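Trainee: I'm new to this one, and I'd like to learn how to read its sheets and helices. Could you take me through it?

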Amino acid sequence: MKVSSSDRLLRLLKDHFGYDSWRPLQEEIIAATMEGRDVLALLPTGGGKSLCFQLPAMAGRGLTLVVSPLIALMKDQVDQLEAAGIPATFLNSTLDAAEARQRLRGLHEGRYRLLYAAPERIMLDGFLSDLQKWGVERIAIDEAHCISEWGHDFRPEYRQLPRLREILPEVPFIALTATATDQVRDDIERHLALRSPERFTASFNRPNLTYRVSPKTGAYEQVRQFLRTRPDDSGIIYCQSRKATEQVAAKLSADGIPALPYHAGLEQSERAGNQEKYLRDRVRVMCATIAFGMGINKPNVRFVIHYDLPKNLEGYYQETGRAGRDGLPGECLLLFSPGDVAKHIGFISEIDDEVEAARARHLLDQVVHYAEASSCRRALLLNYFSETFPEPNCGGCDNCQSPRESFDGTLVAQKLLSCVLRANQASRWQFGLGHYCDILCGASSEKILKQEHHRLSTYGIGKEMKKPEWQAIGRELTRMGFLQADPARMGSLSVTEQGVEALKQRRAFTLTRPLPGVEAKKRGQGVAKAGDIECDPVLFQALRDLRRELAEARGVPPYVIFGDVSLRHMASVYPTHEEAFAAIPGVGQQKLADYGEAFCAVVRKHLGVNPMQVFAAARPPASRVAPERRGSRPAAARPAGSPPPSMDPGPVSDTIGETLRVYRRGVADLAALAVARNLAESTVTSHLCNAIAAGRADDIPPESLIFPGLLAGLGELFDAAESIDSLGALKEMAGDRYAYRDLQLFRAFRQAGKV
């Protein structure tokens, strides 16, 4: 039988990377690049960008050149590829002459499928000449946003990459990035000279991340308490200054929380050493400036804290995106204070270029709006990237989990709007928000006295509130359209026509309370669980210990051996032999051969002294936004009140799948099935119930597992019950008429709509 191209790619995906299904848009991107088309792909962090050029490299015959901006990223990616049995290498300044010559010899002999290099090295004449001899089949531009001056991480050397097109005119480009506004996307396409590229844009939504903003009341203590409640989690704390990274790291270490600093002012060797310790889980917290993060492929970052206010939303999104790359839950906490806003405004005031200063102020205003908004934070972030979040409540941000309290703000709104109007009329000039708040609070600043604003009727009429409270109200009125800030005049305020009309008509204002002074919550209290995988915690820790030992012996970060997702699946389905182990996500042929027996032995040892637990199958997160491809039509909106679309059948774990396979081979009696599976009868019953309820056992009729004479009575019992969630209550109602097993099975069939 002829094997289709799609089947062959799936086989390569499983054999090398250990997965049997695609993430959104991966298959389409791979198909386009393998057809020789130029491609621009925007996939969120953790969306599987690297696979889009790594898998085609294995499917083809030539060399894939990967342009990468960071030395650490090159080594990390090559380590992971080699662990998966894929011939890859890199060339950079960390190699001594002998090692570099050996790798060059391998490239001339065609031993590698992927070569990673920085743009500076690629542009050397000798390197360009070699590329023409090495049979380059594809050029992948990673972190492609670096080519745009409008991006958050512009690298001038990326502008030289179009020379590759001149010397290799027939070779297709694939440009990849995780964050890019519409303007940056156009820049990438133009500066790389992409030829009618296929554009693929996945949703920027990260459903496994929780977003939260908390007022900065005592930043270090807030962070310390946050970390105390997450003793096993790894994370990043972003600070604005180099000094702050060192101070926070030192304090945490003194408090027994292993942490290290990272910033551009450290010696290169110290930066590299600190990064290596973090990647290898020798410290669990990295305190860093924005110099840290791009290209860091550590999948088990469970939280990102912004100790200080970021300068723009694009950078903030990129930094928070370093949490939860493996799809497991991640938390993003921003500590916000008006003082940080004032610091940024001070920095902006030192920018000589008025246009650049106005742009910086506009970007800052967007961050402040995000921090102070009472609406869904996920929707605000997605809107920045021209994407609409379709749900009214994401369930994964503080504003959706605990909506802010609103209040009648008519009087305070009238006071502030009137103050702005009167001050502007008196001086025929506009001022910043802080000045109007000083007037309301009755301050005696030099500016107030010089402008004679202490003579205004609104002077001192707002003493019942503090200046930060008035500033929060001013920003909310600006967001609502009653005030407007002029970015060309450093955010000077004026009352809009809408605001003037509101004053004239004495309209009512409903405002929201400022951010509540709540500290970071403990895991499990209001934290989104999208992407979580339930598992045996004792076995999970034992598997982590083995992973760490293997990683140390091989000199690689633990996630190169296996990510947490793979370990959680192992601790959920208990693979005791290599056939079952091969079905674990992330287990390819090479890793099966290298590690299968060692991990199965840990599982067997665990089961020798601990009972096996049964866990619910993980379902796709409900808040996922469907990806879009250029030219695709948006889905039609569902009419209000109409039923939701039917769900696809849910997945089942491998141990449940094995029970189904044995049942379908003819072992249909529950007692015999339990013997065949070497499990308790209650366990195989639970397996079948999970499969039936998930819609994965439509071929199993109710009467094959429940005596037909019982079905009618069970139906009446369930119809009479207020809820079918509690089998204990149903058993109490039924008495001895039905066995607990019959109630379990009937409920599963009812949930599947079969009885």
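Mentor: Start with pairing: two strands pair if DSSP finds at least two bridges between them. Strands (E, at least two residues) and helices (H or I, at least four) are DSSP runs, numbered from the N terminus. This is a predicted model, where local features need pLDDT of at least 70, side-chain atom pairs count only at 80 or more, and totals for chains, interfaces and linings use all residues. Residues are numbered from 1 along each chain as its sequence is written, and side-chain values use heavy atoms, leaving out hydrogens and water.

Trainee: Which residue stands opposite Ala288 in S11?

Mentor: That's Tyr262. S10 and S11 (residues 285–288) pair in the parallel sense over four bridges.

Trainee: What order do the six strands of the open sheet take?

Mentor: They run S8-S13-S12-S9-S11-S10, with parallel pairing. S8 (209–215) and S10 (259–262) are at the edges with a single partner strand each, so one side of each has no neighbour in the sheet.

Trainee: And how do H19 and H21 pack?

Mentor: Axes are lines fitted to C-alpha atoms, for helices over the stretch in contact, and angles run from 0 to 180 degrees between N-to-C directions. H19 (residues 433–441) and H21 (residues 467–480) pack at about 130 degrees, their axes 9 Å apart.

Trainee: Which residues of H19 and H21 meet?

Mentor: Contact means heavy atoms within 4.5 Å. From H19, Leu433, Gly434, Cys437, Asp438, Leu440 and Cys441 meet Lys467, Trp470, Gln471, Gly474 and Arg475 of H21.
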